[in-house]
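Hi,

Here's the structure I promised to pass on. Have a look at it first, and then read on for what I found.

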Amino acid sequence: MFNRPKKLKRISYDTVAYIQIETEAIRDYNDKQMISSYCISKLEMVNWYIELINVGSTKYIVTQSLNELETIRDQLMECHKDIMRVKITRPGDRPLMDIKYPKGYEG
């Protein structure tokens with residue numbers, strides 16, 4: 001009874017979509033660091049699940065296939081690259097007023 005394997009929580013594809021959306025909303029270094037940390041933590045979890053499958057762990061039950069986990073891992077790695085590519089503009093370097101005029105406007 002005490003030696004039953006623990007069933008691990010699924011890693012949802014929604015996680016990847018959430019990270020992609022948050023990457024588009026990065027405004028400062030704090031945003032960048034927070035979403036980067038979140039992405040890396042999910043990536044570490046996916047890698048651990050993959051390792052459990054590869055070693056044939058009897059202590060844990062991984063509820064996703066190796067192929068599914070590898071797909072999520074690849075997507076998370078791509079997300080992290082995108083996060084690191086985001087360039088932060090320092091507040092002092094931004095224009096005071098950045099007005100976007102409609103196409104064709106010749107004011």
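Let's start with a loop residue. Leaving out residues up to four places away in sequence, lysine 59 touches Pro5 and Lys6. Keep in mind throughout that this is a predicted model. Lysine 59 sits in the loop between H2 and E2. Its relative accessible area is 58%, and since anything over 50% counts as exposed, lysine 59 is an exposed residue. Asparagine 3 is another residue to look at here: lysine 59 and asparagine 3 are 56 residues apart in sequence, yet their C-alpha atoms are 7.9 Å apart in space.

Now the overall layout. The protein has three helices and two strands, and from the N terminus the order is β-α-α-β-α. Of its 107 residues, 26% are buried. If you take the contacts between residues at least 6 apart in sequence, 70% of them join residues at least 24 apart.

H1 covers residues 13-24 and H2 covers residues 29-55. Their axes come within 10 Å and cross at roughly 160°. An angle over 145 degrees counts as roughly antiparallel, so that is how H1 and H2 run relative to each other. The crossing of this pair is left-handed. On the H1 side, the residues involved are Thr15, Tyr18, Ile19 and Glu22, and they meet Ile35, Tyr38, Cys39 and Lys42 of H2. Sorted by class, that contact has five nonpolar, one polar and two charged residues.

Next, H2 and H3. Here the axes come within 9 Å, with a crossing of roughly 155°. H2 and H3 are therefore roughly antiparallel too. This crossing is also left-handed. The residues in the contact of H2 with H3 split into 16 nonpolar, four polar and four charged.

That leaves H1 and H3. Their axes come within 10 Å and cross at roughly 5°, which makes H1 roughly parallel to H3. From H1, the contact uses Tyr13, Val16, Ile19, Gln20 and Thr23; from H3, it uses Glu68, Thr71, Ile72, Gln75, Leu76, Cys79, Asp82 and Ile83. By class, that gives seven nonpolar, four polar and two charged residues.

**A bit more on H2**

Glutamate 68 is in helix H3, which covers residues 66-85. Its relative accessible area is 17%, so glutamate 68 counts as buried. Which residues does glutamate 68 contact, leaving aside its neighbours within four places in sequence? They are Arg10 and Tyr13.

Histidine 80 is also in helix H3. With 18% relative accessibility, histidine 80 is buried. Not counting residues up to four places away in sequence, histidine 80 touches Ser36, Cys39 and Ile40.

Finally, threonine 23, which is in helix H1. Is threonine 23 buried or exposed? Its relative accessible area is 12%, so threonine 23 is buried. Beyond its neighbours within four places in sequence, threonine 23 is in contact with Asp82, Ile83 and Val86. Threonine 23 and histidine 80 are 57 residues apart in sequence, while their C-alpha atoms are 9.0 Å apart in space.

That's what I have for now.

Cheers

Definitions and conventions. Residues numbered from 1 in each chain as written. Predicted model: local features only at pLDDT ≥ 70, side-chain atom pairs only at ≥ 80, totals over all residues. Heavy atoms only, no water. Axes fitted to C-alpha atoms, helices over the stretch in contact; angles between N-to-C directions. Helix = DSSP H or I, 4+ residues; strand = E, 2+ residues; numbered from the N terminus. Parallel < 35°, antiparallel > 145°, perpendicular 65-115°, else oblique. Left-handed = near helix turned anticlockwise from the far one by under 90°. Contact = heavy atoms within 4.5 Å. Nonpolar A, V, L, I, M, F, W, Y, C, P; charged D, E, K, R; others polar. Buried < 20%, exposed > 50% of the residue type's maximum accessible area, 1.4 Å probe, protein only.
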